[in-house]
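Subject: Structure handover

Hello,

Here is the structure we spoke about, with the sequence alongside. My notes on what was found in it follow below.

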Amino acid sequence: MLVFEPLYTPGLAQLSYLVGDSKAAIAAVIDPRRDIDVYLDMARERGLRIAYVFETHIHADFASGAQALAARCGARLVGGRSDDYGFALHQAEDGETFALGKVSLQVLHSPGHTPEHISLLLRDNQQGEQPFALFTGDTLFNLDVGRPDLLGAGSERALAAQLHHTLFERYLPLGERMEVYPCHGAGSACGKSIGDRRHSTLGNELLFNPALKPRSEAEFVDWLLAEMPEPPRHYARLKQLNARPAPLSAGPALPAPLSPEEFRQRTLDHEAVQLVDVRSILAFGGGHVPGALNIALRNEFVNWAGWMLDDQRPIYLVGEDSAEVQQATLQLYRIGLDRVEGYLRNGMTDWQNAGLPLERVREWTVEELDSRRGDPQVQVLDVRSPNEVRQGRVPGAQHAFVAHLPEQLDRLDRDKTVAAYCGSGYRASIAASILKRHGFRDVVNVPGSWTAWQKHDLPVQQAG
């Protein structure tokens, strides 16, 4: 009997799969995340042996668990063909088939997102000889396709051309009924704008996915690469990490709980450590440890932690409680940020009871921002991406994408009020915390930001 279990990881917006045959008690896992116990538990509960672990490609957006899972299970690790792999795995040929009882997975070479990318066709003998599902990795998503620009080095156009070939000459001939199971859903930056559905069909994508509109190869390449957003900073690091032998890891551990005094001593040098407050933007604004970077623990956390943090310096966390700290530690572990060395015990309650210094960020509604944006002592700062700003901004606002704000601080006057806004207030709080850390005296966040600005029909300055 067919076993088919998708596993969705929030934050990463990542999908992995357990597939197999319950009667034969054999299974495979496709694109596992780094914390692998969940797959072992799934197999154990179903009485299955994990015989294969598949990597559709060398991932750039999360730390892979493929090597660790294969080692734990004694499974065969399978991927595409590439000299970039720095560890042993079976580099599968196009068309190669792997039997899982009456279920099988057939390799389909599908370059475009990366050169070594493979997809997997799923067959179940009880449902006929033809495959009925396609695991597309990062090649085809709901309403989107994988971006071909993550390798850099001028390879974008060649990969985009290969992607056109994969989509139109390898995928679409499989027929409109073919079910599509990608590696990502909405929220992942592995595409330009991935849709909400976590699975689809080729027929549905032909109807609604703009990438599958009839275009020549040259037209497709130009269309796909136009206004491609900047890849998150941590993608290049993770690409290298996933191509190397994986170090042994038992998973993330809860970092050391520290008293306010010890926490303060360990985090005084803001250049040597990374101090991260994962509380909500309103809680952070009300009072925080001086020098803290606010990356609130929401769905966006793992992506923005990847953008703003590095793997070279220790990380110290401030959360509402130890459960929140543990969740943040797990999210960081999933993108290879393992040096979480401590957290503030009992959060800001102990800090304030110890009478230690506090910093604050003021908040304005969008109406307040509109009424004050003409004040010569107020600098309005738009920290959204360039693509977002092209759709319109608050009149008179300066622009600095939050990911590059630390390098652009000299453009701002430290003696004036800086009011930061983004799409919702989340990235604006990151920006506000950066400004406070670098000595800006009066910093304002705008909760609701551009979403609320448009809802209240306030003035918009168009690009041009």
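**Pockets, cavity, sheet and helix contacts**

The largest pocket holds about 1,000 Å³ of space. This is a predicted model, in which local features need pLDDT of at least 70 and side-chain atom pairs count only at pLDDT 80 or more, while totals for chains, interfaces and linings use all residues. Residues are numbered from 1 along each chain as its sequence is written, and side-chain values use heavy atoms, with hydrogens and water left out.

On the terms: the search runs on a 1 Å grid over the protein atoms alone; a pocket is an open set of points with protein on both sides within 12 Å along at least five of seven lines, a cavity is a set where a 1.4 Å probe fits but cannot get out, and lining residues have an atom within 4 Å of a point. Points are joined across faces, edges and corners, and a volume is the space filled by probe spheres set on them. Helices (H or I, at least four residues) and strands (E, at least two) are DSSP runs numbered from the N terminus.

**Largest pocket.** Its lining has 32 residues, and Gly-187, Ala-189, Lys-192, Asn-303 and Arg-427 lie nearest the centre. At least two lining residues come from each of helix H9 (301–308), helix H13 (386–389) and helix H14 (426–437). The lining divides into 14 nonpolar, ten polar and eight charged residues (Ala, Val, Leu, Ile, Met, Phe, Trp, Tyr, Cys and Pro count as nonpolar, Asp, Glu, Lys and Arg as charged, and the others, Gly among them, as polar).

**Second largest pocket.** This one has a volume of about 590 Å³. Of its 29 lining residues, Arg-34, Ala-68, Ala-246, Pro-247 and Ser-249 lie nearest the centre. Helix H2 (66–73) and helix H6 (234–243) are the elements that give two or more residues to this lining, and H2 gives the most, with five.

**Cavity.** Among the residues lining the largest cavity are Asp-61, Gly-187, Ala-189, His-234 and Asn-303. H6 and H9 each supply at least two residues of that lining.

**Helix contacts.** The axes of H9 and H14 come within 12 Å and cross at roughly 30° (axes are lines fitted to C-alpha atoms, for helices over the stretch in contact, with angles from 0 to 180 degrees between N-to-C directions). Phe-301, Trp-304 and Met-308 of H9 meet Tyr-426, Arg-427, Ile-430 and Ile-434 of H14, where contact means heavy atoms within 4.5 Å. Six of these residues are nonpolar, none is polar and one is charged.

Helix H3 (residues 156–171) and helix H5 (residues 217–225) have axes that come within 9 Å and cross at roughly 115°. The contact of H3 with H5 has nine nonpolar, one polar and four charged residues.

**Sheet.** Five strands make an open, parallel sheet in the order E15-E19-E18-E16-E17; two strands pair if DSSP finds at least two bridges between them. Strands E15 (256–258) and E17 (293–294) are at the edges with a single partner strand each, so one side of each has no neighbour in the sheet. E15 pairs with strand E19 (residues 340–344) over three bridges, and Ala-256 has Gly-342 in E19 as its bridge partner. Helix H7 (residues 260–267) lies across E15, strand E16 (274–277), strand E18 (315–318) and E19, at about 140° to E18.

Regards
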